[in-house]
Amino acid sequence: MDILDTHAYDRRQRRYTSCALFLSLLPFFLSTALYFYLWTPDSTGSIMFAAVKTAPVLLLAAAVLSWNGGQSVLGVVGGLVCSAVGDWCLVWPEHFLHGMGAFAAAHLLYSFTFLSSNYSAYSASSSICFRFLYLILFMIGGGFYIYIFPFLQTAPDSELLVPAVGIYVVLIAVMGALAIRSRHTATLLGSLSFMVSDLSLALQIFKATPPMEYGNALVMVTYYSAQLLIAVGDIKAVQNKDDFSKWKRS
């Protein structure tokens with residue numbers, strides 16, 4: 001097989017992989033559309049709505065598992081499952097702290113994933129540019145916590161919320177920094193989108209901003225986009241690692 005045939009074969013393989021990936025993600029897109037179709041401001045406290053809300057993330061977990069197998073069980077798949085648990089808890093406002101704990105576990109699993117060998121080939125970023133990006137990310141997290149701190153003090157369960165939210169902000173900032181380190185575009189965009197979703201949700205829950213007409217849409221669009229991008233980024237990272245391993249053996 002000459003070099004032109006090899007390039008044509010690679011292009012066909014990439015097209016086939018892209019089509020197969022889209023088809024495996026189709027249930028996620030359909031279930032996400034169903035969520036936005038059914039959502040109303042009175043949807044909290046409903047078991048049926050909780051199932052509809054968690055379905056897209058669980059379907060993403062199934063898609064990643066079907067592509068990566070056991071390689072992602074304790075990584076992105078675990079993070080998606082923890083996120084689904086958090087989604088379920090947040091349907092009932094009284095379980096907010098449980099939901100935040102589940103999402104904190106998800107961020108930890110994502111962070112460990114971004115440190116794994118699947119991403120290591122794209123890391124090694126000690127340049128001044130990357131250090132500057134890390135600094136900006138943690139400054140945003142610190143500035144947000146300082147801004148929201150007075151609102152946390154007046155919230156119910158403030159003695160738990162003040163340290164818990166602080167720890168959560170650190171975890172999501174670390175996840176964002178490790179996503180920058182990975183140099184995977186989808187992973188980076190997904191992590192940043194997750195930060196936007198969480199910060200928007202916190203501003204609304206703790207009444208640190210005037211009521212937003214499309215507040216829920218902002219939170220959920222950025223949230224589902226984040227999970228999708230992180231999932232696709234993990235599938236691509238594992239594929240790239242496998243392709244590199246095959247190339248080394250050939």
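Predicted model: local features only at pLDDT ≥ 70, side-chain atom pairs only at ≥ 80, totals over all residues.

Reader: Why does Cys19 count as exposed?

Author: Exposed means over 50% relative accessible area, buried means under 20%, and partly exposed is in between (1.4 Å probe, protein chains only). Cys19 has 51% relative accessibility, so it counts as exposed.

Reader: And what makes Cys89 buried?

Author: Cys89 has 14% relative accessibility, so it counts as buried.

Reader: How do you know what span to expect for helix H2?

Author: Helices are DSSP runs (H or I, at least four residues), and they're numbered from the N terminus. The expected span is 1.5 Å times one less than the number of residues. H2 covers residues 47-68, which is 22 residues, and it reaches 31 Å from its first C-alpha to its last, close to the expected 32 Å.

Reader: What makes Ala55 the place of a kink in H2?

Author: The bend at a residue is the angle between axes fitted to the seven residues ending there and the seven starting there. At Ala55 there is a kink of about 40 degrees, shortly before the proline Pro56.

Reader: Why is Thr54 called buried?

Author: Thr54 sits at 6% relative accessibility, so it counts as buried. This residue belongs to H2 and touches Ala84, Asp87 and Trp88, leaving aside residues up to four places away in sequence. Contact here means heavy atoms within 4.5 Å.

Reader: What does the side chain of Thr54 reach?

Author: The backbone oxygen of Ala51, at 3.2 Å. A polar contact is a pair of N or O atoms within 3.5 Å; within protein, one must be able to donate a hydrogen and the other to accept it, and residues adjacent in sequence count only if both atoms are side-chain atoms.

Reader: Last one: why does Ala202 count as buried?

Author: Ala202 has 12% relative accessibility, so it counts as buried. You'll find Ala202 in helix H8 (residues 185-205), and it touches Phe144 and Ile148, not counting residues up to four places away in sequence.

Technical notes: Residues numbered from 1 in each chain as written. Heavy atoms only, no water. Helix = DSSP H or I, 4+ residues; strand = E, 2+ residues; numbered from the N terminus.
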